[in-house]
Amino acid sequence: MGLPVARRRDSLKIVKPVPHEAPQAVRAPEAPRKPVHLFPIAPASRAFYRRFYPGTGPSEWNDWRWQMRSRIRSLDDLERVFALSPEEREAVARHTGPLPVGITPYYASLMGRANPGEALRRTHVMTPDEYLLTPGEADDPLGEDHDTVVPGLVHRYPDRVLFLVTGTCSTYCRYCTRSRMVGNPGGEYEFSTRQWEKALAYLEEHTEVRDVLLSGGDPLTLGDDKLDWLLGRLRAIRHIEFLRIGTKMPVVTPQRVTKALTRILKKHHPLWMSIHFTHPAELTAETQEAVARLADAGIPLGSQTVLLKGINDDAAVMKSLMHGLLRNRVKPYYLYMCDPIRGSAHFRTPVEKGLEIISALRGHTTGYATPIFCIDAPGGGGKIQLAPDPVMGRDGDFLLLRNFEGNIYRYPDPQGTLGR
Ligand code: SF4
């Protein structure tokens, strides 16, 4: 290619420099700037931290360790953000022991500050109902302590174990199955590296274990190095085929899902993740970014949701959550009845409510959007699945089945006895 006509030596035309162009010899073109804050911040969250955490900027807000350090932990912290009802105030003031108040600033920014009945606030701010003990409730309703083979390791099912690796969560859900142990440093559950070593020794010996679920507490509250070390030790056990992590961090502290974390998780495939979602209001831009990063790292994502009275016990709310999860590459996996921990009656619906919700989903929307509805049997019986029964009876060689619209269909089943 020749020079532009206007710059040829033989041209008599004088080209004036364009005033705003810097001469190239004086200043080299600037390298494109990297965006400093890659995590999105919703306008409501930005307004929240400007008001309640003055002096905080996007880099602190997007730092998961800042979120952990800045958690709402006391009555004073709550009063600073929420207009507490007298009942909430009384309940928080009475509290001692495990399952303390704990809410990250990010998750608090999603909650109703004036309305004690708002769904997410109800799951995290105490009420006096927590102090009412009703029949059938227990500290350890699932009998996990009974099936604990070494501290922190629950071996109930033949080929898989539950490995409780920490007692810390970034937020404390008032209906937590492990309310007896979480958020209680110095309690009987130690969660130290020494304890992990005992669990690892057990797993090395038990060749029947092919699947390890890491839970707690929330394993993603561990620092990158610790988590990497632990996952590496587990992957090094030849008979362990795959690992799972149960976590709520992408929902309550999505900033935890850094690029560095996804690089670590990717090293330990096959690794699956079950994320604890409760309500469609949790599907913010931040959480969507977190789950996109996890999905892009090749981690199969499932959700676990607890059915909670007055919070998500509504077919439209549940459908909205399940659809939102699918849009974000999270498979709705389990819908649990709330476990009968102490003081949980106000969270529990009748079992029929769960069946009603499943009936409203199954057939009415994408099959992937329908989770497995189950009860974790009190006393250590494990998960028991529940589903609306479609078998209406039998007419001779035909099985009578009801479809999602309530219509009856006949299926030839001459050898069968079902429905007799
Ligand atoms: S995040 Fe999970 S372990 Fe932690 S308090 Fe909530 S339900 Fe319990």
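**Strands, helices and a ligand shell in a predicted model**

Colleague: Which residue is the bridge partner of L400 in β13?

Modeller: Since this is a predicted model, the answer describes computed pairing: β12 and strand β13, residues 408-412, pair in the antiparallel sense over 5 bridges. Within β13, the bridge partner of L400 is R410.

Colleague: And which residue stands opposite L400 in β12?

Modeller: Strand β11, which covers residues 391-395, pairs with strand β12, residues 398-402, in the antiparallel sense over 4 bridges. The residue that stands opposite L400 in β12 is G393.

Colleague: Which residue takes a positive phi in the hairpin of β12 and β13?

Modeller: The hairpin of β11 and β12 has 2 residues between the strands, and there G396 takes a positive phi near 60 degrees. The hairpin of β12 and β13 has 5 residues between the strands, and the residue with a positive phi, near 90 degrees, is G406.

Colleague: Is α9 roughly parallel or roughly antiparallel to α11?

Modeller: Helix α9, residues 224-235, packs against helix α11, residues 259-267, with axes 10 Å apart and at an angle of about 10 degrees. Because angles under 35 degrees count as roughly parallel, α9 and α11 are roughly parallel.

Colleague: How many charged residues has the contact of α9 with α11?

Modeller: In this contact D224, L227 and D228 of α9 meet A260, L261 and I264 of α11. By class there are 4 nonpolar residues and no polar ones, while the charged residues number 2.

Colleague: How many nonpolar residues are in the shell around the ligand?

Modeller: The residues around the ligand include C169, Y172, D218, K248 and H276. The shell divides into 3 charged, 3 polar and, for the class asked about, nonpolar, 5.

Definitions and conventions: Residues numbered from 1 in each chain as written. Predicted model: local features only at pLDDT ≥ 70, side-chain atom pairs only at ≥ 80, totals over all residues. Near = placed C-beta within 6 Å. Nonpolar A, V, L, I, M, F, W, Y, C, P; charged D, E, K, R; others polar. Pairing = 2+ DSSP bridges. Axes fitted to C-alpha atoms, helices over the stretch in contact; angles between N-to-C directions. Parallel < 35°, antiparallel > 145°, perpendicular 65-115°, else oblique. Contact = placed C-beta atoms within 7 Å.
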